[in-house]
Amino acid sequence: MKKIIGLSIFILITLSGCGDGDRFVFSGESENWRVEYEAIIYDETSEETFGSIMYKGAEPSPKEINYIIKSESDEKSGKNISLEEGSTTISKGSCRGCAITQEDEEMEVEITWNGKKENLTLKNE
């Protein structure tokens with residue numbers, strides 16, 4: 001019984017810490033791609049980010065892509081990223097003591113695959 005109470009208290013403390021931050025969801029589409037990028041802001045200098053890239057084109061999905069996501073506060077990129085069933089996740093990242101994602105930012109995304117390139121803009125929903 002003591003273990004259950006202790007575990008319950010631990011879970012409540014952990015979950016209460018997750019709900020304090022702002023959550024921004026940025027998304028955008030191009031002819032062949034849909035990108036979603038999420039930022040959870042914990043305070044003025046710390047955040048957690050993650051997202052996904054999904055292929056929506058008419059041709060068969062490429063096996064690999066390269067991407068660059070540029071914002072005012074950060075730049076993330078991936079090379080030779082494998083797609084599973086036409087999608088991939090953007091690496092989860094976090095920082096403390098950093099410049100954080102702003103609610104009104106627009107992010108520029110460049111995706112290259114099979115000798116092709118598309119650009120799109122992500123905006124907060």
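Visitor: Where is threonine 45 found?

Guide: In this predicted model, threonine 45 lies in the loop between strand S2 (33-43) and strand S3 (46-55).

Visitor: Why is threonine 45 called partly exposed?

Guide: Its relative accessibility is 38%. Buried means under 20% and exposed means over 50%, so threonine 45, at 38%, counts as partly exposed.

Visitor: Which residues are in contact with threonine 45, leaving aside its neighbours within four places in sequence?

Guide: They are Cys95, Arg96, Gly97, Cys98 and Ile100. Of these, glycine 97 is 52 residues from threonine 45 in sequence, while the two C-alpha atoms are 4.7 Å apart in space.

Visitor: What makes cysteine 95 and cysteine 98 a disulfide?

Guide: The S to S distance between cysteine 95 and cysteine 98 is 1.8 Å. The cut-off is 2.5 Å, and the pair therefore qualifies as a disulfide. A search of the whole structure finds one disulfide.

Visitor: Why is the disulfide of cysteine 95 and cysteine 98 called right-handed?

Guide: The torsion about its S-S bond is about 50°, so the disulfide is right-handed.

Visitor: Are cysteine 95 and cysteine 98 buried or partly exposed?

Guide: Cysteine 95 has a relative accessible area of 23% and is partly exposed. Cysteine 98 has 19% and is buried.

Visitor: How many bridges join S1 to S2?

Guide: Eight bridges join these antiparallel strands. S1 and S2 form a hairpin with three residues between them, and the bridge partner of serine 27 in S2 is glutamate 36.

Visitor: Which residues have the most contacts inside the largest nonpolar core?

Guide: They are Trp33, Val35, Ile53, Ile65, Ile111 and Leu122, in a core of 22 residues. Strand S1 (22-29), S2, S3, strand S4 (64-70), strand S7 (106-113) and strand S8 (116-124) each supply at least two residues of this core. S2 gives the most, with five. Isoleucine 111 is in contact with, among others, Trp33, Val35, Ile53 and Ile65. In general, nonpolar side chains in soluble globular proteins tend to be buried together.

Visitor: What makes glutamate 48 and lysine 92 a salt bridge?

Guide: Their N to O distance is 2.9 Å. The cut-off is 4 Å, so the side chains of glutamate 48 and lysine 92 form a salt bridge. The pair links distant parts of the chain, with glutamate 48 in strand S3 and lysine 92 in strand S6 (residues 87-96), 44 residues apart. Glutamate 48 is buried, at 16%, whereas lysine 92 is exposed, at 61%.

Visitor: Why does the pair of glutamate 110 and lysine 117 count as a salt bridge?

Guide: The distance for glutamate 110 and lysine 117 is 3.9 Å, N to O. This value is within 4 Å, and the pair therefore counts.

Visitor: Which residues are linked in a network of salt bridges?

Guide: The network links Glu29, Arg34, Glu36, Lys56 and Glu125. Within it, the side chains of glutamate 29 and lysine 56 meet at 2.6 Å, N to O. Glutamate 29 is in strand S1 and lysine 56 is in the loop between S3 and S4, 27 residues apart.

Definitions and conventions
Residues numbered from 1 in each chain as written. Predicted model: local features only at pLDDT ≥ 70, side-chain atom pairs only at ≥ 80, totals over all residues. Heavy atoms only, no water. Buried < 20%, exposed > 50% of the residue type's maximum accessible area, 1.4 Å probe, protein only. Helix = DSSP H or I, 4+ residues; strand = E, 2+ residues; numbered from the N terminus. Contact = heavy atoms within 4.5 Å. Core = buried A, V, L, I, M, F, W, Y, C linked by side-chain atoms within 4.5 Å. Pairing = 2+ DSSP bridges.
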